[in-house]
Amino acid sequence: MGIDSVIVWLIVGAIAGWLAGLIVKGGGFGLLGNIVIGIIGAVVAGWLLPQLGIRLGTGIIAAIINSAIGGVIVLVILSLIRRA
């Protein structure tokens, strides 16, 4: 894995985390928080969506959408845990 792929991961994570924050809470979590949410969301969606038979394709846009979906799932789960 080269430095260029790490940069892409960080950019995709930041955008996806920001989108997930807008969808779930109405705002972002700062650059670092958005990157973390986006990357965790990518892992969650990378496992969950194929289990459901959902394939979004390849490319950077599909990666952002995939990560944002996973980020939304992570944020919803976190909000449910905080309420309990």
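A: A residue is called buried when its relative accessible area is under 20%, exposed when that value is over 50%, and partly exposed in between. The model is predicted, and that scale can be applied to it by starting with valine 44, whose place is in helix α2. Its relative accessible area is 25%, so valine 44 counts as partly exposed. Leaving aside residues up to four places away in sequence, valine 44 touches Ile73 and Val74.

Helix α2 covers residues 30-51 and helix α3 covers residues 60-83, and their axes come within 6 Å and cross at roughly 100 degrees. Angles of 65 to 115 degrees count as roughly perpendicular, and α2 is therefore roughly perpendicular to α3. On the α2 side, the residues that meet α3 are Ile37, Gly38, Ile40, Gly41, Ala42, Val44, Ala45, Gly46, Leu48 and Leu49, while α3 contributes Asn66, Ser67, Ile69, Gly70, Gly71, Ile73, Val74 and Leu75. Sorted by class, this contact of α2 with α3 has 11 nonpolar and 7 polar residues, with no charged residues.

Apart from residues up to four places away in sequence, glycine 70 touches Gly41 and Ala45, residues that are listed on the α2 side of the contact. The C-alpha atoms of glycine 70 and glycine 46 are separated by 7.9 Å, with the pair 24 residues apart along the chain. Serine 67 is likewise placed in helix α3, and its relative accessible area of 3% is the reason why serine 67 is classed as buried.

Helix α3 can then be taken as a whole. At 1.5 Å a residue, its 24 residues should span 34 Å, and because the end C-alpha atoms of α3 are 34 Å apart, the length agrees with that expectation. The buried residues of α3 are Ala62, Ile64, Asn66, Ser67, Ala68, Gly70, Gly71, Val72, Val74, Leu75 and Ser79, and what covers them includes α1 and α2. Valine 72, from that buried set, touches Ala20, Ile23 and Val24, again not counting residues up to four places away in sequence. The largest nonpolar core has 5 residues, namely Ala20, Ile37, Val72, Val74 and Leu75, and α3 supplies the largest share of this core, 3 residues.

Val12, Gly13, Ala14, Ala16, Gly17, Ala20 and Gly21 are the buried residues of α1, and their cover includes α2 and α3. α1 and α2 pack with their axes 6 Å apart, at an angle of about 95 degrees, and they are therefore roughly perpendicular to each other. In this packing Trp9, Leu10, Gly13, Ala14, Ala16, Gly17, Trp18 and Ala20 of α1 meet Leu31, Asn34, Ile35, Ile37, Gly38 and Ile39 of α2. By class, the contact of α1 with α2 has 10 nonpolar and 4 polar residues, and no charged residues.

Glycine 57 and valine 43 are 14 residues apart in sequence, and their C-alpha atoms are 16 Å apart in space. Glycine 59 lies in this loop too, but at 45% relative accessibility glycine 59 counts as partly exposed. The C-alpha atom of glycine 59 is separated by 32 Å from that of leucine 80, which lies 21 residues away along the chain.

How values were computed
Residues numbered from 1 in each chain as written. Predicted model: local features only at pLDDT ≥ 70, side-chain atom pairs only at ≥ 80, totals over all residues. Heavy atoms only, no water. Axes fitted to C-alpha atoms, helices over the stretch in contact; angles between N-to-C directions. Helix = DSSP H or I, 4+ residues; strand = E, 2+ residues; numbered from the N terminus. Parallel < 35°, antiparallel > 145°, perpendicular 65-115°, else oblique. Contact = heavy atoms within 4.5 Å. Nonpolar A, V, L, I, M, F, W, Y, C, P; charged D, E, K, R; others polar. Buried < 20%, exposed > 50% of the residue type's maximum accessible area, 1.4 Å probe, protein only. Core = buried A, V, L, I, M, F, W, Y, C linked by side-chain atoms within 4.5 Å. Expected span 1.5 Å × (residues − 1).
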